[in-house]
Structures are given as structure tokens and as C-alpha cells.
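Welcome, and thanks for taking a look at this one with me.

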Amino acid sequence: MEVWNLIIGNPVLNVLVALSQILSGEFGLAIIALTVIVRLISWPLTKRQLNSTKAMQEMQPKIQELQKKYGKNQQKLQQEMMKLYKEAGVNPLGCLWPMLIQLPIWIALYQAIMRALATTPENLLDLANRLYSWGIVNQAIPLNSKFLWLDLGQPDPYFILAIIVGGTMWIQQKMTTAPAVDPRQQSTGRMMTVLMPLMFGFLTLMFPSGLALYWAVSNIIGIITQYFVTGGWGYLKLRSPSQ
Amino acid sequence: MTQYPSYKMKQPKILLLIVIALLPLILVSCAPWGTQSAGGWAGTAVHKGTIYVGTVDGRVVAINSSTENLEWSYSIAPVTAPSSGLSCGETSVPTAIYGTPLVDRDIVYIGTYSGQVLALNMLARGQDLTFPQQRYGEWEWDCPIDNAKSNAIVADLLVSADSIYVCSSNGRVYSLDKEFGDLNWESKVLDERHRKLWTSPVIQGNTLYVSTYDGHIYALSLETGDLLDWSFESEAGFSSSPVVYEDAIFLGSFDRYFYAVKIGSDVPMWKFPEEKQAGNWFWAPPVINEGIVYAGCLDGIVYAIEAKTGEKIWEFDAGKTIVSSPVLIDNLLIVIDESGNVYVFDLGTELVREAVPLKTISIDAAVRSSFCAQEGLVYIRGEDNWIYVVDIDKGELGWKVTLTIEE
């Protein structure tokens, strides 16, 4: 745990507090700024994933050919498609990795929000031992937890963030997730596209709105970059195979 | 018909990935930095041979210091704590107590994290009568939430001849009638940004001085609670309660400096250290004696500072965080670090630069509470919910008693 705090937990906390002081004591703006920084740092990974998505879209004609050729032999079709992906250097599961890699950031951010806002006297005292000696950090303490209609240490009581988080995640998922051919996999794909936004919408109701703000902003940045890098709405504008 | 690529991944694998992805979030949501409070760090008070203290399970207890026996115990009603993260739902938790019991004649006053002030009569509690017994002078007062997140009372209560003064997490100071608990006045919200007034006020003449987390010192009329003309503003918030000595206010700040502010002045008289900031916050209020300020710092150092000039006289590095305020008894200065090391300094001898304690006694328990000393004994509440009584003359632990009720 100490190693975690030393490497990730405390740096995220201090950067967040410092950003808050720079941004007129607005902790919400600090979270948004941190989200942008995280997205910038993870840009090489994101770019790779976006290129992968774009390549998959460009492979559509070849996929259709394979469908015609091996439509009755599902096993062969899968083999040929995997071969095609491999040749194109595309990982069809690539969209999941950025999410997994962001997990430590989510955890660190959750901890940082709860620690920085110091809702109890114990939290405030604990904070003293985690802050660096930077003047900018110590002048920011204690932080103001209010941002717009939100108390960043508490869940959003009006469900607005839950809708934004769920909605933006659904759009992002639809833009990046290639629909499946196999009917069984189609249902799995549909379930994934609906389940994840629902789940994060639900999590937004349970977790501090500061963390949900990070999710919402991160999703919006993801949608914007996706749109400009792949040159459009990706799989969102395509009809599903069942239609 | 448009054809689409498929990715070969079975449903259970996807579900497993989701579970793996969300598991850490579920786990961290159960971590102890949520909205629920722990048991607080109530300090000890000793009055006529009885020790009064708040416990981590939300009780106020009286212990006979001669017999070491429990005289009485009063359980404060538990509170329903809101859920935090995925984990926990609403739970009933003991009311935390952070303030030191205030003993005045035969009444023990206590402020709670659930936003109540209780006046407990020693005799009525000794007989375990239903609370409150008005004929014994008992009362309870509920602090309003007042559009704030909390009405929690964290700071020590303050008493004058006829009133109790309460700082609340709703940002207001309240004056209550000492005898009946009636509200005399309430101040305006002093810290609109944070609301939390977690530091205790101090009285000088007819004025109440309050420090805030947004870096102000306010002067309030003791009679009406109105803000007086003078206030002081600092760039950083004040972390410790103020102490008044010879028309100046002494207190620690979140910027890792210790401030002395002349009442009526807009600029600090001095701030310490003069150059490089200290290693951490000055959390505990200082004690001041014969022109010397003794201030403990969370960096583990206790400093002796000239009150007039801010010049350092000596320092002692305990090596461990100092959360509790130092205490003076006769000519001895008692300092306790968070690891439970009790340091005794003889102020009668000339201490220079790097002071050396006369005695060091370890109680082998974490200490965050304020403590008191009387007649050669130091009364400490450990974070393990035990009371430790240290005999200074003998330089050893005298006795200890648990505050935990055995099931």
C-alpha cells in the first residue's frame, strides 16, 4: 500500500490539489484539468486504439468477402478473420485495454478526491502526511468541495451526471465496438454496449461525483478524439446486422 | 446487407473482464476514507478526582482516579451514516466525540459529531437516570444543519460565566445559556467556502476570537455574536485553534508557518519559521508561558519561540508526529507524540537550541487526543480506547484502564 501511495496515490493527490490552487480553488476544474492531462499522457495508447478502430472500419469490404466465402463454416470464418486482423495488425479487443489501463488512475483519483476533500477530521489529519511541501499545495488546503450543483465528495443527487456518464459511454462504445457476425456474439456485443454504460451510470449514483466528473469528461474527450482521428462517428452510424 | 467483423470472445470471458475491471473500484469503495467518521479523539478532563472522557464507541465516561473504577457511563444515541461507494449502505454507527469534556461545577458539557451539545449532571448520571433530568440542570441542544453538509461539532466547547460557545461544521458560532441550553445568539456564517469550524474559539475580555479554514481570524461580540470591526486575513487557512496572550493571537496555519497576530493589526507580528517553512502543519494549539510559545508540529518537532519576536529559543525533534497540544504543569512542559512517547521538559533549567527532555516515558499506544495533567499525573486517552495515567515523578506509567465495554 505504501508503494502504491508513493508511486501513484500521493502524486495524483498533490497534482490535484496544486491544480485546484492554480484554478482559483475550484476543485471541479482541477478534476477536469487532471482528466485532460491523463488523456494527454495516455494519448499514444489511445491513438493506437483509434487507429485500430479505423483499420477495422477500412477492412469492411474484405470482411464481407470472407462472409460470402465462408458464411456456412463459422469455424473457418473465424480463423480467416483472425488471420486478417493479424495481417492488418489489428486487435479486436483493443478497446478494452485503455479502460483496464485507466483503472489505477480511477482508483488513485477516487482516493485522491476522498482524501483531498477531507470530510472527517481524521481525513484532514491524514492529508497532512500525504501532501508535499510545495507552497501551492499547502495554500490550497482545505479544498472547496462545491462545483456547479455538485458536492464533489458526494454522489450527484439529481442523476444528471449518471445520465451524462452513461450516455457518453454508450456513444463511445458504439463508436469503437465492431458489431459481431455470429448471432451469439451479436447478443454479447449488444449486452456489452448497453451493460457497461448502465453499470457506470449506476456507479455514478454510488461514488463521489468528483470521480463521476472524471468519467464524464474522459468520455467526452474520448468521443471528440475518436471523431477527429477516425474521421467520423465510426460504428455508431452503421446499422446493426440484425436490422 | 452490411457485414461486420466479429471478435472471438465468449460471454463468460467478457463478464469476467468486467468483474476484474470493477473489483478494485468495489474494494476501494470500502476503504476507510469515506464519509463515515471514526470514533473521534476526545481528550481527558480531570475534576475533583474524576477523569471525564469521550470514548470511541460514543460514550461519555467518568472514572474515579483513586479507585480506577468507572463511576458512570452515558451512551450518546448512535447516528445513521450515509453509504459510501458500493459497499456499505446505511449503517448505524456510534457518535464520534472529538472535543474534550468541559467540566463546570457539577455539569459535564460535551459536543458531538452528530451535532449535539449535552449537559450531563454528574449525580444524575451516577444514578443512571433517564437523560435529560432538567431538575438536575441537564439539557441537550441540537445544532441546526443550516444548509450546510453537516452540523458536526468537532472543536472543544468554551465556557464563560454564564454561556457555552460552540463552533459548528455549518460555519456558525453559537452561544448557549449554560444553565438551560437556550440559544443566546448565533453568528453569521464565518467560512462560507468550507463551513467547517473545527477549531475552538478563545475569549479575551468581551470578545470571542475564531479562526477559520479560509484564513481569517474574526472578532465577535461576546454579548451579541456580531462581528466586530477588526478581522485578520491570511493567504492560507488556519489549522489550529487560536491562543491569546498579551493582546496577540498565536496559531498555526496550513501553509506550515506559525503566526503571531497583534489584535487590531492587519499584518502578522511574526511568522515562524522565519525562512523555510516547517516540515508540516502546526495542528495543535500552542501553550504560552512567561513569554515563550511552545508549539508542537506535525513534523514531529516541538518549538519554543519567543512570543514577542518569533525567535526560536530551542527545538526538540520527537521524530514522530505531534498531534496533541503540549501541557504545562508547575515548571514542567509535557509533550506527547503520536506514538505515545511522553516527553517531560524541565523549564526551570536553561534549555538551549536542541533541548533534551528530563524524562521520556512510553505508553505504547497511539495518541491524538488532548490530554491533561494534575498533581504530578498525566491523563491520556490512547487511540486504543484506554486511559493511561503517567506518573511524572516516577517517570513511569502509573496505571491504565480500558474504556471498551466487554461483551
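1. How many bridges pair strand 12 of chain B and strand 13 of chain B? Five bridges join strand 12 of chain B to strand 13 (residues 173–177) of chain B, in the antiparallel sense. Strands here are DSSP runs of E, at least two residues long, and helices are runs of H or I of at least four residues, both numbered from the N terminus. Two strands pair if DSSP finds at least two bridges between them.

2. A word on the model before going further. It is a predicted model: local features need pLDDT of at least 70 and side-chain atom pairs count only at pLDDT 80 or more, while totals for chains, interfaces and linings use all residues. Residues are numbered from 1 along each chain as its sequence is written, and chains are lettered from A and ligands numbered from 1 in the order in which they are written.

3. Chain B has two helices and 35 strands. Of its 407 residues, 49% count as buried (20 or more other C-beta atoms lie within 10 Å of the residue's own; exposed means 12 or fewer, partly exposed in between, with C-beta atoms placed from the backbone).

4. Back to strand 12 (residues 163–167) of chain B, where five of five residues are buried. B:Ser163, B:Tyr165 and B:Cys167 point one way, B:Ile164 and B:Val166 the other. In a regular strand the side chains alternate between the two faces of the sheet.

5. Strand 12 of chain B takes part in two hairpins. With strand 11 (residues 158–159) of chain B, the hairpin has three residues between the strands; two bridges join this antiparallel pair, and B:Val159 stands opposite B:Ile164. With strand 13 of chain B there are five residues between the strands, and B:Gly171 takes a positive phi near 90°. Here B:Val166 stands opposite B:Tyr174.

6. Leaving aside residues up to four places away in sequence, B:Val166 touches B:Gly111, B:Val117, B:Cys143, B:Ile153, B:Leu157, B:Val173, B:Tyr174 and B:Leu176 (contact means C-beta atoms, placed from the backbone, within 7 Å).

7. Which residues touch the most other members of the largest nonpolar core? They are A:Ala116, B:Val166 and B:Val173, in a core of 165 residues (a nonpolar core is a set of buried Ala, Val, Leu, Ile, Met, Phe, Trp, Tyr and Cys residues joined through C-beta atoms within 7 Å). Helix 6 (residues 96–117) of chain A gives the largest share, ten residues. Domain 1 (38–79 + 92–142) and domain 2 (273–406) of chain B both contribute residues, so this core lies between them.

8. Those domain bounds come from an automatic or database domain assignment. The C-alpha centres of domain 1 and domain 2 of chain B lie 25 Å apart, and the contact takes 14 residues from each of these domains. On the side of domain 1 of chain B that touches domain 2 of chain B, the largest share, three residues, comes from strand 1 of chain B.

9. Finally, find the open sheet of four strands in chain B, with the order 27-28-29-31 and antiparallel pairing. Strand 27 (327–329) and strand 31 (359–362) of chain B are the edge strands, each pairing on one side only. Strand 29 (residues 341–346) of chain B pairs with strand 31 of chain B over four bridges, and B:Tyr343 has B:Thr360 as its bridge partner.

Key
Contact = placed C-beta atoms within 7 Å.
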